[in-house]
Amino acid sequence: MGSQEHWNLENGGDTMDMMSGKDHKPIGLTAQIISSSLLRTKSDPILVSKVRFGMLRQVLTNLQEVILGTKLFVLFPAIPLAIVADYCNFGKAWIFALSLLGLTPLAERVSFLTEQIAYFTGPTVGGLLNATCGNATELIIAIFALRQNKISVVKNSLLGSILSNLLLVLGTSLLFGGLANLNKEQKFDRKQADVNLLLLLLGLLCHVLPLVFGYAVKPDSTTADSVLELSRASSILMLVTYCAYLFFQLKSHRQLFESEEESEDGDNELSQEKAVIGFWSAFIWLIGMTITIAILSEYIVASIEAASDSWGISVSFISIILLPIVGNAAEHAGAIIFAFKNKLDISLGVALGSGSQISMFVIPFSVVVAWIMGIPMDLNFSLLETSCVLFAVIITAFTLQDGTSHYMKGVVLSLSYTVIAACFFVQKFPPNQTTVPNLGVHSPSGTLAV
């Protein structure tokens, strides 16, 4: 028996799979998986292997791989501190800040655990699982905000994720990548970028139509219902389109989305990796991580207004700027690091892939969930928010149109995000108001804003 198989069998690997001789082939390395892997650390199995009791050895192995297997493990203490702060009735601002910090390593660990499960399920199911859980943090926060009827927080946090990916992540990647490779020609494959931009444009159309509809017709008591019906119908069509996109990505045109790094024989070790924990161990850890994210998400939603008052900044700025930056910090860091290495295809895959997933899956799914819950959430993100998404998509499309990059493109994208952030920083609308007054635009509750 080889040393690797012996280690997996002795230390928490899936014993039944080993006995059956099942070969766990590595999954297709998408940009998100490769990006997140940069924040992982190699664990040393020597100390754990000396533990005599098999069950204890398995538990310690899982703890070592899951908790200490990321460079972000120093942020894990924020999770119990947030729970203690809530139990002891500390200030809401402290609870909010600690919960935000605790979400950062959890988001990266969910990506790791879905990757581990994918080694056992195969590339198609694994890719589907990774695509579904890729933005689990945003989705869970949205569901808890809907439970508390905070529609504006849901809309703003999801819109902020799109803006963050298209302008901040992509912009800083192109900026630092261009500065680090001044003497090298920077090129990327436009095929994957074009597909994601098409999805973003379709999502933008579904957001613009409810807004334009509110201006095009005479405002009355039935207009809000019509906008809501249009939003729900559009959300269903967006989900159908996203399913078609998954088939396109995972089956028919899979080669467009797999990183070229997977085919290189150089220093890329990811394509040779195997599962480090068993299937059921990864599944149980994934459930535990999801429950923990849910707890922290509930803290965040419940304390966001108090944090806004304590820090003196608007709820819009917190939900549009701060939440997306913290929730996707792991992938963001990986995208920038790969841009330094002049591997822009991976950086673009992270930024555009996550942005299109939020637009075409998380947002319409939230509308459908709100529909089931009896909450009138629509796709009308109001004039200001929709305009920001519109210009973000247009600027990104023009930036990527020629298949080349330099640091000046990163400067433009980064400054565009800075201007938008400044806009929402000075915005002082009440937390429950998502539209500009006196324009006849409808609020989420179904009444006219006057």
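Student: Is C206 buried or exposed?

Tutor: Burial is judged by relative accessible area: under 20% is buried, over 50% is exposed, and partly exposed lies in between, using a 1.4 Å probe and protein chains only. C206 has 10% relative accessibility, so C206 counts as buried. Please keep in mind that this is a predicted model, in which local features need pLDDT of at least 70 and side-chain atom pairs count only at pLDDT 80 or more, while totals for chains, interfaces and linings use all residues. Residues are numbered from 1 along each chain as its sequence is written, and side-chain values use heavy atoms, with hydrogens and water left out.

Student: Since that was a cysteine, how many disulfides are there?

Tutor: A disulfide is a covalent bond between the sulfur atoms of two cysteines. The rule here asks for a pair of cysteine sulfur atoms within 2.5 Å, and by this rule the count is zero. Take C388: the closest cysteine sulfur belongs to C423 and is 5.5 Å away, too far for a bond. C388 is also buried, at 9% relative accessibility.

Student: How many helices and strands does the chain have?

Tutor: Helices (H or I, at least four residues) and strands (E, at least two) are DSSP runs, numbered from the N terminus. In the protein chain there are 18 helices and two strands. Of the 450 residues in the chain, 55% are buried.

Student: Which residues of helix 6 are buried?

Tutor: An α-helix has 3.6 residues a turn, so residues three or four places apart point the same way. In helix 6, which covers residues 78–87, the buried residues are A78, I79, A82 and A85. They lie on the same side of helix 6 because they cover an arc of only 125° around the axis, the arc being that of the directions from the helix axis to the C-beta atoms.

Student: What do those buried residues pack against?

Tutor: Here we look for contact, meaning heavy atoms within 4.5 Å. The buried residues of helix 6 pack against helix 7 (92–121) and helix 13 (279–311). After helix 6 comes N89, which has a positive phi, near 60°.

Student: Which residues form the nonpolar patch on the surface?

Tutor: Patches take residues with over 30% relative accessible area and no salt bridge; like charges are joined within 9 Å, and nonpolar side chains (Val, Leu, Ile, Met, Phe, Trp, Tyr) within 5 Å. Accessible areas come from the Shrake-Rupley method with a 1.4 Å probe, and for residues only the protein chains shown count as cover. The patch consists of I83, W280, F283, I284, I287, I291 and I295, with about 660 Å² of accessible area together. Helix 13 gives the most, with six residues. W280 is found in helix 13, and W280 counts as exposed at 53% relative accessibility.

Student: How many salt bridges does the structure hold?

Tutor: Side chains of opposite charge can pair when their charged atoms come close. A salt bridge is counted when a side-chain nitrogen of Lys or Arg is within 4 Å of a carboxyl oxygen of Asp or Glu, and the structure holds four. One of them joins E305 and K150, with the closest N and O atoms 2.9 Å apart. E305 is in helix 13 and K150 is in the loop between helix 9 (136–147) and helix 10, so the pair ties together parts that are 155 residues apart in sequence. E305 is partly exposed at 25%, whereas K150 is buried at 14%.

Student: How far apart are D194 and R190 in helix 11?

Tutor: They are four residues apart in helix 11 (residues 190–216), which means about one helical turn separates D194 and R190. Their side chains meet in a salt bridge of 3.8 Å, N to O.

Student: Where is S161 found, and what is it in contact with?

Tutor: S161 is in helix 10 (residues 151–180) and is buried, at 1% relative accessibility. Leaving aside neighbours within four places in sequence, S161 is in contact with E138, P324, N328 and I358. S164 is also found in helix 10, with a relative accessible area of 0%, so S164 is buried. Beyond residues up to four places away in sequence, S164 touches V169, P324, I325, H332 and Y417.
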